Amino acid sequence: MDKEQLMADLKKQIITQLNLKDLKPEDIGNDQPLFVEGLGLDSIDALELIVLLQQEYKIKLSNADEGPKVFQSVKTMAEYIIAHQGQNA
Amino acid sequence: MSNALYIKASCVISRETVYTNDVAVYGLPGAALPNFLQGAYQFFGCNYPKFHKMDNLGKLGFLASELVLKPSEMERYAPADRGIVLANANASLDTDLKYYETVHAMASPALFVYTLPNIVIGEISIRNQFKGENAFFVFNGFDATFMHRYVTNLFASNLVQVCVCGWIDVLDDQYKAVLLLIEKEKPHTGELFTPENFNKIYQL
Amino acid sequence: MSTKVFVAGVGVISSIGNKVAENLHALEHSKPGMGEMSLLQSVHKTLPVAEVKRSNAELVAATGLPAHTTRTALLSSIAAREAFDDAAIPGFDRLRTGFISANTVGGMDKSEDFFVTFHANAATGRLRDVVNHECGSATEIVADQLGIRNYISTISTACSSSANAIFFGARLIKYGQLDVVIAGGADALAKFTLNGFNSLMILDQEFCKPFDENRKGLNLGEGAGYVVLVSEKVAATLNKPVYCSLSGYCNANDAYHQTASSPDGTGSFLAMKGALEQSGLTAADISYINLHGTGTQNNDIAEGAAIKQLFAPHYPKMSSTKSFTGHTLGGCGGIEAVFSVLSIKHGITYPNLRFHTQMKELPFAPETSFSKNVPVQHVLSNSFGFGGNCSSLIFSTL
C-alpha cells in the first residue's frame, strides 16, 4: 500500500468521520499532532478513529491504551495500518 | 425586598427563523434543518469547532444559548451560581434513531454520547462554565407554569443567581428552541418573568 | 421552607434481588448480581451484565401489566409498588400525591426488537411494541397503577436521573404542593446501551472493581429503586416509624466534557459540598458514603479526588454497591438511595466487592466487608451522570 496515498485518504476520512467541517485535507500536516495541540481532538474523537480503523481498514484496536501512540499523527496512523493490514478481520 | 425576576434576553428558533428578543434576526426559508443550523452558525460568526460534532438538539440549544448569553455579563456570577433548566417532549429520540442505525455495522461513540437529552445542558455548561443546578424534564408539552415555578424556587432558595431556562426539542424536521436568560435585576429592556410572558415568547 | 421530609417506604428490584429483603441478603453475603448474559440477546455475549433474574413474562405476571409493556416500566412497577405497600399510608386517596420517576432507556428494549423486524421489511413489526417508547410512558403507566392523583413528572439526566427525581419530590413536599411523593427511577438493559457503552470502551470484560487501582471499567446492570417521601404531618399519621429523613441534596454541573468527569471532580465536589451545606452537616458527620463508583478509570479518580478535597483527613466508611448491582444507569440513584436508607435503618454498611489495591492517588480505600451494629447517623449517596450532571443526597437518622 502506498503510504502517501494512504495518508491522503486518511485525511479525507478523518475529516468526514469526525465532522471537522472547518477543515480541508491540505490543512492537516502529515506529522501534525492530532490530539491536545494540533487539531485538538478529544477522547470521543479517539474512539471514532478506532471505528474508522475497523470499518475502513478492518483493523481492530481492542486496547484503548494503544490509541495515543497509533493516533499521534496521520503518519503514525498510516504506518500502523500498513504494519497491521490483513492481520485482523 | 422584591422577589421579581426578569427576562434579560430570549431566543426562539423555529420554522427556519432565529428570533432574539422577539425580533427575527436570521432566516433561511425552506432550508432543511442541518443547512439552517449551519447557516445560522456562520451568520452569527460563531467560532466553536465542537459545534459540528453536536447532534441537532445540541446545536439548537447551543445556538440559542450563544444568542442569550454574553460572556462579559456572566463574569459577575460565580460558576456555581449559574443554573440551567430545560425540558422537551422527545428527549433524545432524534439522535437515538441515528445512533441505532450505526449499531448494525459498528456503533458510533460520537452519536451515542448524544443519546441523552441532558447532554445539551452539558454543552451549554462547558461553553459558559455553568456549574450550578441543572435539570432536564421530559413532558408531553411545553408547560410555562411549571418552568416558571421551578426557576423561581431556585432563585428563592438562593441556589442560583442567574438561570437559563427553556424548551429545546427536535425530532426529524420538527424542531423548536425557546431559551430565556433570567436575572434578578431589572434590565434596561426586558420584561417580568411570568408564565404569561413565557407563553407569549413560546408562541412566537 | 424548613419542613422536614421523611422516607416512609422503600422498594427495589435489581440483579441481586427482586425485593428489598433479597437485596439485603445478597449485600450481607457478598453475592454480586453480574454474570453471563442470559435474558438479553446481544452479539456481545462475553460481556458480563447484571440482569434482573426475571424474564419479561414473569414480570408481566407479577405486575398484571399488559404483555407488550416495556421492561423499564415493568421493573419500575415492581419497585414502586413495593415502596408504596411498605409505606402503607393511611388515607392515601385523600392526600395530595405525586410520582416522580426517571429513566434513560425508556421503552428501548421493545423498540430495538421492533426495529430489527421493521428494518428488514417495513410492512412488518408490531406497532404496539413502540407505542411506549418515550421516557414518560413508563412513568404514566406506573402512576396509574398506584393511583397517583395530583402530579407526575419524568426526569432524564443520565446516571443522576433518579437521585434528581428524589430531591425534586422532596422539594414539592417542602413547598407545600404535595403530601406524599413516590420518587426514584428505573432502567432496563438494552442492546442500544450495551453497544453504546462498548463503543466508549468503558466496559470491563470481567466483573468490575470500583475504586481499585487496576479497575478496567463498568458492568451494565438493570433495575429500579423508589422511596416514598412524606411530609412531617403525614409521617405523624403512619402506623410504623419512618426510616429516616432526607436532610440534604444538591445538584451541580461539572462543565468539562460530555461524558468524562474533570480530573479534580469539580462537579462531584460541588454536589457533595452543597448537600452538606443544605443539611447543616459537616464532612465529619457523615457515617457512610455510597459511592457512585462505576469502576471506570475516569469516574473513580474524579470522585476520589473530590472526596479527598472535602473529607481529608478523616474518611468515613465508603463503598460502591455497583460492585453488586452493576451500573443501573437511570435506576442507580433510586436503588442506591434505598440501600442508603437501609444502612441507617439497620446500622449496616456494605462492602465494595473485588477491591484489592488502593488507588495510588488516594489516601483512602473502600470497605471490603459487610458491617453490622454500625452507628450510622448520616449517609451520603452520590450519582454522577453524563452531561456533567452531578447529584448528592444525604439521608439522616431521626
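# Chat on a three-chain predicted model

Student: What does chain B average in pLDDT?
Tutor: Chain B averages a pLDDT of 94, and 99% of its residues score at least 70; pLDDT is the predictor's confidence in each residue, from 0 to 100. This is a predicted model, in which local features need pLDDT of at least 70, side-chain atom pairs count only at pLDDT 80 or more, and totals for chains, interfaces and linings use all residues. Residues are numbered from 1 along each chain as its sequence is written, with chains lettered from A and ligands numbered from 1 in the order in which they are written.

Student: How many residues of chain B are in contact with chain C?
Tutor: 33 residues of chain B are in contact with 36 residues of chain C; contact means C-beta atoms, placed from the backbone, within 7 Å.

Student: Which elements give two or more residues on the chain B side?
Tutor: Helix 4 (93-103), helix 5 (109-112), helix 6 (119-128) and strand 5 (134-138) of chain B. That side divides into 21 nonpolar, 10 polar and two charged residues. Ala, Val, Leu, Ile, Met, Phe, Trp, Tyr, Cys and Pro count as nonpolar, Asp, Glu, Lys and Arg as charged, and the others, Gly among them, as polar.

Student: And chain B with chain A, how many residues from each?
Tutor: Nine from chain B and 10 from chain A. The chain B side has six nonpolar, two polar and one charged.

Student: Switching to chain C. What domains is it divided into?
Tutor: Domain 1 (5-235) and domain 2 (246-396), with bounds from an automatic or database domain assignment. Their C-alpha centres lie 20 Å apart. The contact takes 61 residues from domain 1 of chain C and 55 residues from domain 2 of chain C.

Student: Which element gives the largest share of the domain 1 side?
Tutor: Helix 6 (161-174) of chain C, with seven residues. By class, the domain 1 side has 33 nonpolar, 20 polar and eight charged residues.

Key. Contact = placed C-beta atoms within 7 Å. Helix = DSSP H or I, 4+ residues; strand = E, 2+ residues; numbered from the N terminus.
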